[in-house]
Amino acid sequence: IALTGCLRATVAAVKRRSVPFPTANTTSALRRARPAQRAAMGSAKEYHDRRGVSVPLWLVLCILGGGALVLFMPTGPATHANVREKEPSNLEQLRLELDREIASLGSQSVVDTSKHNAASTLLAALPKKKYKKSKQEKAEDEPWKSQLEPLWGLKHNPSADVVMALGFGYSQREFARFVSTLRRTEYKGDIVLAAGPPEKFKRGVVEYLRGEGVLAYQFSYECVKAKKGRRLLMTPAGCILTNWYKDGDKRSPRPLAISRYEMYRTWLSYYEPTSWGIVFDFRDTFFQRDPFTLVDRSSKAPNLHLFAENRQVKRVGNCIFNSGWLRCWGKETPKKFANNSVVCSGSTMGSVPALKRYTERMVKEMDKMKCHATPARTESDQGYHNYLYDTGELAKLPGVRVTHHEQGHGIVNTIGAMNGFRVPKHMKGPLDTHWKIKDKDGWILDYNGERSAVVHQWDRFHSECVRHIDRLADDYMRKKLAAA
């Protein structure tokens, strides 16, 4: 408005000071008057020197005011229709781009860990909307609720990745071989253990687990004694979980190796669909790299990973244990899958939704078949694991894209069968000189020469591995204490 007023005033002033367009008569009169004017006024320079340049004050104010308005004027028309608050940046799009970047790095044969860590750090720093479960998710999780909580007031991190295991009755050193080697890889996610009641912990275990932020559950159990019993984990007669469920354990006695799948499903309820997890045997597993940095999380990649034992020395058909476990589904079943690799139930990795479906399906088959209660007393969970994979049942689960990795070619390197007591002597030998998967510094390698992320069943090569494992665990603790 002010600028318009100034313009109008300028136009009016021009009109007041303007002269009529010269005609023929006025032109001749002007020509006669010019010499007299020049003599009276002097030169143009003298005239301006005497008078100076005169600029009206109102014109100066108009120009300055108009310039200020132009400077601060919006770039578009200032109408009520297009004046709105600034839209926030699209964080979700950035998050998806970072997820794709991490997935592409993880799928490479040689991972650039610096790029991966940078992308992961940036992704973790982004503000994240709190995840809310749908009614369907809540209904699916409800039957698996436990009345127990982690010890020492620790809590699950719903957006974190998670490593889960049944590990109880062990010494601090044995816990460190699992937990400290994992933490040494700079893994920042959750570690959840069914560790038994604290009063049964061995010396130093409470302080160690609490110091490492391990989510330890103090589950208790009662086992039925059998005439030909075995270790508690594999007790054929079975055990009841006495404090896991609020309304009591409704299932019949079963080996703890089977009960742990119920525990896995309970823990998975705490995590968001974007998280990933791994379930492990505890005592014979150690870590050399963070396994979660190596997995492809893209939407079309497998989201349930199984890991096989060495098929050169062990297959379903030539292993009396694995073929025996499969006979629970009939005598012909092991023959049908005789040439298949043995997939080990001691390590399974997947997205949280896929692991939920997997653990539910395992428990359902266990409840149905009860192989541990048959005359054969098939107490192992590995029979169920192989049966559901080999028959395609796992592949039928909604949203699950399952695959298996041969020994030495996946995130988990399962080496135990290579030193099995039934393996012919000419096929056995040291990890370094015979199998060529151990370097001069003690690192266990995949067949492509890279360090294995996770090594399972290392205890079958105890003398070749234990010093390396303890060195990794001790190195982590030394650095942690030095930084404290």
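Is C344 buried or exposed in this structure, and what is its relative accessible area? C344 is buried, with a relative accessible area of 2%, where buried denotes under 20% relative accessible area, exposed over 50% and partly exposed the range in between, computed with a 1.4 Å probe on protein chains only. C465 likewise counts as buried, at 1% relative accessibility. The structure is a predicted model, in which local features need pLDDT of at least 70 and side-chain atom pairs count only at pLDDT 80 or more, whereas totals for chains, interfaces and linings use all residues. Residues are numbered from 1 along each chain as its sequence is written, and side-chain values use heavy atoms, with hydrogens and water left out.

Seven strands form an open sheet in the order 3-2-1-6-9-8-10, with mixed pairing; strands (E, at least two residues) and helices (H or I, at least four residues) are DSSP runs numbered from the N terminus, and two strands are taken to pair if DSSP finds at least two bridges between them. Strand 3 (215-217) and strand 10 (402-405) stand at the edges with a single partner strand each, so one side of each is left without a neighbour in the sheet. On average, and with direction ignored, neighbouring strands of the sheet are turned by 20° against each other. Strand 8 (residues 304-308) runs parallel to strand 10 and is joined to it by 4 bridges, with L306 opposite H404.

Strand 6 is mostly covered, as 5 of its 5 residues are buried: W276, I278 and F280 lie on one side and G277 and V279 on the other, and both faces are covered. Strand 6 pairs with strand 1 in the parallel sense over 4 bridges, M164 standing opposite V279, while its pairing with strand 9 is antiparallel and comprises 5 bridges, with M349 in strand 9 as the bridge partner of I278.

Helix 10 (residues 256-268) lies across strand 1, strand 2, strand 3, strand 6 and strand 9 (343-351), and runs at about 150° to strand 1, contact being defined as heavy atoms within 4.5 Å and angles running from 0 to 180 degrees between N-to-C directions of axes fitted to C-alpha atoms, for helices over the stretch in contact. The axes of helix 8 (residues 172-184) and helix 15 (residues 462-483) come within 8 Å and cross at roughly 65°. Residues of helix 8 in this contact include R173, A176 and R177, which belong to the group that meets residues of helix 15, among them V466, I469 and D470. By class, the contact has 7 nonpolar, 2 polar and 7 charged residues, with Ala, Val, Leu, Ile, Met, Phe, Trp, Tyr, Cys and Pro counted as nonpolar, Asp, Glu, Lys and Arg as charged, and the others, Gly among them, as polar.

Within strand 9, V343 is buried, with a relative accessible area of 1%. Leaving aside neighbours within four places in sequence, V343 is in contact with L306, F307, A308, Q382, H385, N386, Y389 and H404. The C-alpha atoms of V343 and D390, which are 47 residues apart along the chain, are separated by 9.4 Å. Helix 14 is largely enclosed by the rest of the structure, because 8 of its 9 residues are buried, and these buried residues pack against helix 10, strand 8, helix 11, helix 12, strand 9 and helix 13. Helix 14 is followed by G392, whose phi is positive, near 85°.

The model contains 2 disulfides, a disulfide being a pair of cysteine sulfur atoms within 2.5 Å. In the pair formed by C223 and C239, the sulfur atoms are 1.9 Å apart, and the link is right-handed, with 95° about the S-S bond. C223 lies in strand 4 (residues 221-223) and C239 in strand 5 (residues 239-241), so the pair ties together parts that are 16 residues apart in sequence. C223 is partly exposed at 28% relative accessibility, whereas C239 is buried at 0%. In the pair of C328 and C371, the sulfur atoms are 2.0 Å apart, and the torsion about the S-S bond is about -95°, so this disulfide is left-handed. C328 lies in the loop between helix 11 (320-326) and helix 12 (333-336), and C371 in the loop between helix 13 (352-369) and helix 14 (382-390), so the pair ties together parts that are 43 residues apart in sequence. Both C328 and C371 are buried.
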